[in-house]
Amino acid sequence: MTGVPASAAGGPSGAQGARGTAAAADGVASEVSGSASDPGAVVPGRSVAGGESAADATAEGRPARGGKITAAAVNQASVWNVANLLTMLRLVLVPGFVALMLADGGYDPAWRSLAWAAFAIAMITDLFDGHLARTYNLVTDFGKIADPIADKAIMGAALICLSSLGDLPWWVTIVILGRELGITLMRFLVIRYGVIPASRGGKLKTLTQGVAVGMYVLALTGWLATLRFWVMAAAVVLTVVTGLDYVRQAIVLRRQGIAERAAALEETEA
């Protein structure tokens, strides 16, 4: 016996220990450098879901499965914010509004008042959800898709119900809904060239439409019934005028985008 431990003499256990120490050092260094650029990086020394360590994943040149699971959980939780909850509330109110609007034949003043309350809540939440999302950085992909759908759904449901009950001419419903759907489609078509911002006229149109439709939902008589006619007339005019203005902006935006791309292509070729 020499009295020297096998690990010091370079025996099998010593080689394995050296390799283990080097691998651990490499793993820690990779994790530290990875965490600086990846917010979802796994903390060194912890194992992730499925028993895979971050060091093993990093050594193989791929992200740890636990990092993906954690990131997905965070994204899923971020959907449940106050702005999106208000949007969901508007979506839920649509079938409830239709049921209240058409209850008892659709002409009972009490049911119409309840329908108006549901419509008013939907319009009020529409004013706040977008503002909250932008102010508190709560913008999500779900909100971008669901918010315009909720807006069109509650307004479309109200207009169709009013026309089906004979309270509002069908041509008014067709003009308003045709404009809304057409402008939304046009925005998607020209988004490659830029975004058409909401104008003051468009915001005034939305407010006027909401007031006019709300007045028609209520069972009004006398001078209030006459007033709602003129409010709806103003809403129709604003709907058409702002719609034409958005079309003009889309044409200008498309031309500018094509010109800029052509200029960039010429510079590249030169």
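Student: How do accessible areas get computed here, and what is the total for the chain?
Tutor: Accessible areas come from the Shrake-Rupley method with a 1.4 Å probe, and for residues only the protein chains shown count as cover. The accessible surface of this chain comes to about 16300 Å², with 68% of that belonging to carbon and sulfur atoms. This is a predicted model, in which local features need pLDDT of at least 70, side-chain atom pairs count only at pLDDT 80 or more, and totals for chains, interfaces and linings use all residues. Residues are numbered from 1 along each chain as its sequence is written, and side-chain values use heavy atoms, leaving out hydrogens and water.

Student: OK, how many helices and strands are there?
Tutor: The chain has 9 helices and 0 strands, where helices (H or I, at least four residues) and strands (E, at least two) are DSSP runs numbered from the N terminus.

Student: What covers the buried residues of H8?
Tutor: The cover includes helices H4 (82-102), H5 (109-135), H6 (141-164), H7 (170-189) and H9 (223-269). Buried means under 20% relative accessible area, exposed over 50% and partly exposed in between, with a 1.4 Å probe and protein chains only, and the buried residues of H8 include Gly202, Lys205 and Val213.

Student: And what does Val213 touch?
Tutor: Leaving aside residues up to four places away in sequence, Val213 touches Phe119, Met155, Ala158, Leu159, Leu162 and Met232, a contact being heavy atoms within 4.5 Å.
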